[in-house]
Amino acid sequence: MQNLIGQHDWLELLDKLESMHTLTEAEWVALIDGRTPELSEELLKRARRTCDEVYGKRVFIRGLIELSSYCRNDCLYCGIRRGNKEAVRYRLSNESVLSCCEQGHELGFRTFVLQGGEDPYYTDDRVSELVGLIKKRYPDCAVTLSLGEKSRSSYQRFFDAGADRYLLRHETANEEHYSSLHPEGMSAAVRKQCLRDLRDIGYQVGSGFMVGSPGQDAKRLAEDMKFLESLNPHMVGIGPFIPHSKTPYANEPGGTLELTLFMIGCLRLMLPKTLLPSTTALASIHPQGHEMGMAAGANVIMPNLSPVEFREAYDLYEGKAHSGLEAAENLKAVINKLSAVGYEVVVDRGDSLVL
Ligand code: SAM
């Protein structure tokens with residue numbers, strides 16, 4: 001029986017993706033545009049099987065500490081963009097971050113992710129000092145930074161201070177699309193250069209994109225896949241775009257659960273060894289988002305370890321989950337929920353197998 005999508009037989013495309021871990025841009029477009037429930041089901045099944053072969057049923061956890069809601073940037077999709085005058089702004093002190101780490105360590109976290117807007121208060125000296133303090137107190141833990149675009153020398157300083165990993169989504173590999181999502185002065189080329197610098201320095205690097213961002217189509221997703229194939233990052237974070245009412249994209253449609261899961265499955269087959277988080281955005285659009293992400297080949301979750309009183313202020317998009325199962329203090333409930341469907345949440349740094 002033929003399974004034709006356009007010029008292609010989709011079973012042949014899946015076979016090629018699974019065995020060679022690559023597709024051409026045209027093949028990606030055919031697969032994404034031509035997807036059917038049947039194709040999707042087969043893709044997700046193979047993606048989960050691949051994850052089982054590489055990482056087993058183990059799920060890695062990261063404690064997410066949202067360092068600052070101040071941002072000098074004005075990204076059109078983001079709720080903490082500079083232009084949102086109604087955003088509540090806060091920044092965490094070193095003491096506050098260290099107490100988050102203490103609580104996280106007790107809960108079983110061995111990776112702390114410091115994420116924030118591009119806040120000029122956090123100078124290279126301050127970031128390096130903070131990284132050093134955490135590494136000194138918790139030498140068994142990995143420190144991940146996600147603080148946006150910096151110069152190569154700043155990235156080098158953070159690395160020398162002990163930072164192990166850096167998360168910087170490329171957002172979209174297409175220059176024109178990138179320009180439409182970001183203010184003047186920001187470019188896909190600079191973003192990509194930052195990622196290459198980070199990789200060169202020796203960080204474990206995470207990249208990624210939003211699914212369904214305004215202006216995205218199969219062709220642009222295909223470009224994202226080709227870019228990620230060439231970067232070969234240690235982790236790829238993708239989640240649905242979710243509109244925020246105080247941004248220019250307030251009335252744009254959000255990304256769908258269906259396409260997000262499909263793209264997670266595609267990523268697992270293209271980059272079998274990469275870490276794939278089942279993101280907060282995914283969990284924010286569906287109560288079973290995490291389990292569905294795992295079933296599509298994801299193997300990381302990043303519960304929120306920020307001080308409870310600031311969680312609401314790190315308001316990237318409408319309905320961002322930060323309580324219940326997204327809250328680090330409820331880790332036990334997450335462990336129970338995931339173990340009920342066969343996964344094992346582990347106390348481990350959870351390093352990527354990508355070299
Ligand atoms: N400033 C750092 C940076 O640029 O990488 C880290 C913080 S930034 C807010 C973290 C991520 O949130 C972005 O990479 C973006 O993909 C995601 N994000 C922002 N607004 C979003 C929205 N409306 N829907 C879904 N994800 C969003």
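The cover over the buried residues of helix H6 (residues 152-160) includes helix H5 (124-137), strand E6 (142-146), strand E7 (165-167) and helix H8 (188-201). Helices (H or I, at least four residues) and strands (E, at least two) are DSSP runs, numbered from the N terminus. What covers a residue is judged by contact, meaning heavy atoms within 4.5 Å. This is a predicted model, in which local features need pLDDT of at least 70 and side-chain atom pairs count only at pLDDT 80 or more, while totals for chains, interfaces and linings use all residues. Residues are numbered from 1 along each chain as its sequence is written, and side-chain values use heavy atoms, with hydrogens and water left out.

Stay with H6. Ser 154, Tyr 155 and Phe 158 are its buried residues. Buried means under 20% relative accessible area, exposed over 50%, and partly exposed in between (1.4 Å probe, protein chains only). Viewed down the axis of H6, the buried residues fall within an arc of 100°, so they line one face of the helix. The arc is that of the directions from the helix axis to the C-beta atoms. An α-helix has 3.6 residues a turn, so residues three or four places apart point the same way. On the face of H6 turned away from the buried side sit the exposed residues Ser 153 and Asp 160. Just after H6, Gly 162 adopts a positive phi of about 125°.

Trp 10, Leu 13, Leu 14 and Leu 17 are buried in H1. Down the axis of H1, these residues fall within an arc of 100°, so they line one face. They pack against strand E1 (4-5), strand E2 (8-9), H2, helix H3 (37-55) and helix H10 (257-270). The face of H1 turned away from its buried side carries Glu 12, Ser 19 and Met 20, which are exposed. At the start of H1, a side-chain oxygen of Asp 9 comes to within 2.9 Å of the backbone nitrogen of Leu 11. After H1 comes His 21. His 21 is not a glycine, yet its phi is positive, about 60°. Most residues other than glycine have a negative phi.

Now turn to the strands. Strand E4 (residues 63-68) is mostly covered, with six of its six residues buried. Five bridges join E4 to strand E5 (residues 111-116), and the two run parallel. Two strands pair if DSSP finds at least two bridges between them. Glu 66 stands opposite Gln 115 in E5. From E4 the chain crosses through helix H4 (residues 94-107) to E5, and this β-α-β crossover is right-handed. Right-handed means that, with the strands pointing away from the viewer, the path from the first strand over the helix to the second runs clockwise.

Thr 111 lies in E5. Its relative accessibility is 0%, so Thr 111 counts as buried. Its side chain makes a polar contact with the side chain of Arg 165 at 3.0 Å. A polar contact is a pair of N or O atoms within 3.5 Å; within protein, one must be able to donate a hydrogen and the other to accept it, and residues adjacent in sequence count only if both atoms are side-chain atoms. Beyond four places in sequence, Thr 111 touches residues including Ile 61, Gly 63, Thr 144 and Arg 349.

Strand E3 (residues 58-61) pairs with E10 over two bridges. Ile 301 in E10 is the bridge partner of Ile 61.

Finally, the ligand. It is surrounded by 17 residues, and the closest are Tyr 77, Gly 116, Arg 169, Glu 171 and Ile 242. A residue is near a molecule or strand if one of its heavy atoms lies within 4 Å of it. A backbone N or O atom of Gly 116 lies 3.0 Å from a ligand nitrogen. For a backbone N or O atom of Ile 242, the distance to a nitrogen atom of the ligand is 2.7 Å. An N or O atom in the side chain of Glu 171 is 2.5 Å from a ligand oxygen. Glu 171 sits in the loop between E7 and helix H7 (175-181). Glu 171 is buried, with a relative accessible area of 9%. Its phi is positive, near 70°.
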